[in-house]
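Student: Could you walk me through this structure, step by step? I am new to it.

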Amino acid sequence: MYMAKRQGLGWRIFDDAGGQRIPVVTMESALRRALQRGNRDELYLEYQGIHQPDGRVRVGEALLRWSNRQLGRVGPGEFIPVAEDSGLIVPLGSWALRQACLDALSWGDVGVSVNISARQMQERHFLTDVRAALEESGIAPERLQLEITESLMMMHPELARRDLSALKDLGVRVVVDDFGTGYSSLAQLKNYPIDGLKIDRSFVMGIGRDDRDLRIVEATVRMGQALRLDVVAEGVETVEQAEVLRSLGVTALQGFLFSRPAQAHTFLDLLATSAG
Ligand code: C2E
Ligand code: MG
Ligand code: MG
Ligand code: MG
């Protein structure tokens, strides 16, 4: 296990066995080489089900995985920030987008959801990349969903508005990920052409533990309903959380209680058993 910490000039990795430090450049160059090699055992996507309230899988979320011979398994929470700082997120994200659309070809009408970092969307070729991924794979645009963050709308309001409208014209769905952890305002939700919200795991986790989290979730669901948005709860781990969320009226649930992220072929098996 490795942990990355922001330290002065950059990221340092701590090996919790030996406490050895690996400078950020090491992770960065290892990631760059991994991208160049294109080895699918090293950099690949896993998929986690986003389930309807009745349990059926409606969408699979693509989650990047990196397993390096020297560094071991590095979590996206660690290497995505390095990829963003170095710009590697642009080729990495564009690969993930194309691969996810290709993998989704065999999923019937189940959609595919791809995380997009703000840095990637700022890139001039972003919309071209989305169109290329759709054309190359041939999947219907309605089956592609992009997960963006509140920070994009905050930091680049005009760019976000322009790109989101263009995506809407393409027929691609857009949802705001980790909703409630950023600083987006209700007015912004009204002004952007988005299709849904994903309530952040931190609030879902608190259901049954902290009444304030329950109230936040409740208010978010109601607001989503009022704005005719899809409301997805992420990080659902207990039966109690799922019951509360269903009764509040969320449109979809995602979490270890339902299914864990799995490699493409295993996800396909899950789809086969979940199709009613
Ligand atoms: P996210 O988009 O919010 O993805 C959900 C994360 O929550 C995933 O972590 C997933 O494995 C985890 N998760 C799902 N259900 C549960 C649960 O019930 N309990 C717990 N404890 N965790 C759960 P993961 O795969 O480590 O990804 C972390 C983050 O890295 C993602 O958060 C996303 O922001 C980023 N990421 C992953 N893949 C990509 C990618 O292709 N592009 C970009 N830009 N970011 C990515
Ligand atoms: Mg996500
Ligand atoms: Mg999320
Ligand atoms: Mg999250």
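This is a predicted model: local features need pLDDT of at least 70, side-chain atom pairs count only at pLDDT 80 or more; totals for chains, interfaces and linings use all residues.

Student: What radius of gyration does the chain have?
Tutor: The radius of gyration is taken over C-alpha atoms, and the globule rule is 2.2 Å times the number of residues to the power 0.38. For 276 residues a compact globule would come near 19 Å, and the chain agrees because its own value is 19 Å.

Student: What share of the residues counts as buried?
Tutor: Buried means under 20% relative accessible area, found with a 1.4 Å probe and protein chains only. Of the 276 residues, the buried share is 50%.

Student: At what angle do helix 1 and helix 2 pack?
Tutor: Two packed helices are described by the angle between their axes and the distance between the axes. Helices here are DSSP runs (H or I, at least four residues) numbered from the N terminus, and axes are lines fitted to C-alpha atoms over the stretch in contact, with angles from 0 to 180 degrees between N-to-C directions. Helix 1 (residues 24-37) and helix 2 (residues 76-86) have axes 10 Å apart, at an angle of about 85°. That makes the pair roughly perpendicular (65 to 115 degrees).

Student: Which residues of helix 2 meet helix 1?
Tutor: Contact means heavy atoms within 4.5 Å. From helix 1 come Val24, Met27, Glu28 and Leu31, and from helix 2 come Glu78, Phe79, Val82, Ala83 and Ser86.

Methods. Residues are numbered from 1 along each chain as its sequence is written. Chains are lettered from A and ligands numbered from 1 in the order in which they are written. Side-chain values use heavy atoms; hydrogens and water are left out. Helices (H or I, at least four residues) and strands (E, at least two) are DSSP runs, numbered from the N terminus. Angles under 35 degrees count as roughly parallel, over 145 as roughly antiparallel, 65 to 115 as roughly perpendicular and the rest as oblique.
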